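Keep the structure open beside you and try each task before reading its solution.

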Amino acid sequence: MTTCPPARLPLHALTVAPALARAAELRADVIELHRAPPELVPGAYVAVCGGEGRDERLVAWFARSDGPGQGVPELDLLPQRHVTVVARVVAVTRFPEAPRHPRLQHFASSPWYRGPYGLWLEHHVALPEWVPCELRAEGEVWAFPEDILTAVRAGYEQAQRTAKERREAEAALAARCSEPIHRPGLKERVLAKCPACRKAMAPCRPCQGWRCSCSPHVCPAEARP
């Protein structure tokens, strides 16, 4: 029986300020929007693209200890005209609302979430390498050309494979660490075992050697002419 390959969900491109694209790559849970795009419904997948310039409003946010990164990134380190991350849409809310999600509720009172709309994301997958894309207006939702879409999906799949391999390696290491360590006891350290039958060997007092019942033992001390 043949099985059909799973259908791919649509992938929407969203252009935001370069600093917000960098924040999304660092797993920021919410991105500010000036309008609520009807295409970005809960469950949709979105690829976040950086626009141009540097939004000085976000400088203080990056500098905060609870911000998305340590320190303020330089302008040439921001993802301008590049795709940084693919994530799943949780909700689009109007400020100051937040999704009824235990992990996201506390962001409703965050000083850097000011709306007027918030795009809430989960399951962030940062691309191994930023993918160059065309420049669009900030807040615009658009469709990738075929070549960019192929590159973004290839990076997404590579990141997923890398994450899976890392989880499997960590699980294997945890399994090895949980295995009991066998240390030989006093009996095993004192008694010698026969290399043929693995049974305990008995000491031969005359020659101070070891003998086993599975093979004949010739004792030099008991030998007679």
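Two strands count as paired if DSSP finds at least two bridges between them. Keep in mind that this model is predicted.

**Exercise 1.** Find how strand E3 and strand E4 pair.

*Solution.* Start with E3, residues 45-50, and then find E4, residues 82-94. They are joined by 5 bridges, and the pairing is antiparallel.

**Exercise 2.** Work out the order of the strands in the open sheet, and which strands lie at its edges.

*Solution.* The sheet has 6 strands, in the order E2-E5-E4-E3-E1-E6. Its pairing is mixed. Next, look for strands that pair on one side only: these are E2 (30-33) and E6 (141-142), the edge strands.

**Exercise 3.** Explain why helix H1 is largely enclosed by the rest of the structure.

*Solution.* Buried means under 20% relative accessible area. In H1 (residues 18-25), 7 of the 8 residues are buried, so the helix is largely enclosed. Among them are Pro-18, Leu-20 and Glu-25. Now look at what H1 lies across: E1, E2, E3, E4 and E5. Relative to E3, H1 runs at about 135°.

**Exercise 4.** Which residues of the largest nonpolar core touch the most other members?

*Solution.* This core has 19 residues, and the answer is Leu-14, Ile-31 and Leu-119. Two or more residues each come from E1, H1, E2, E3, E4 and E5. Take Ile-31 as a case: its contacts include Val-16, Leu-20, Ala-24 and Leu-119. A second, separate core has 14 residues, including Ala-13 and Ile-148.

Technical notes
Residues numbered from 1 in each chain as written. Predicted model: local features only at pLDDT ≥ 70, side-chain atom pairs only at ≥ 80, totals over all residues. Heavy atoms only, no water. Buried < 20%, exposed > 50% of the residue type's maximum accessible area, 1.4 Å probe, protein only. Helix = DSSP H or I, 4+ residues; strand = E, 2+ residues; numbered from the N terminus. Contact = heavy atoms within 4.5 Å. Axes fitted to C-alpha atoms, helices over the stretch in contact; angles between N-to-C directions. Core = buried A, V, L, I, M, F, W, Y, C linked by side-chain atoms within 4.5 Å. Lists of a residue's contacts leave out its neighbours within four places in sequence.
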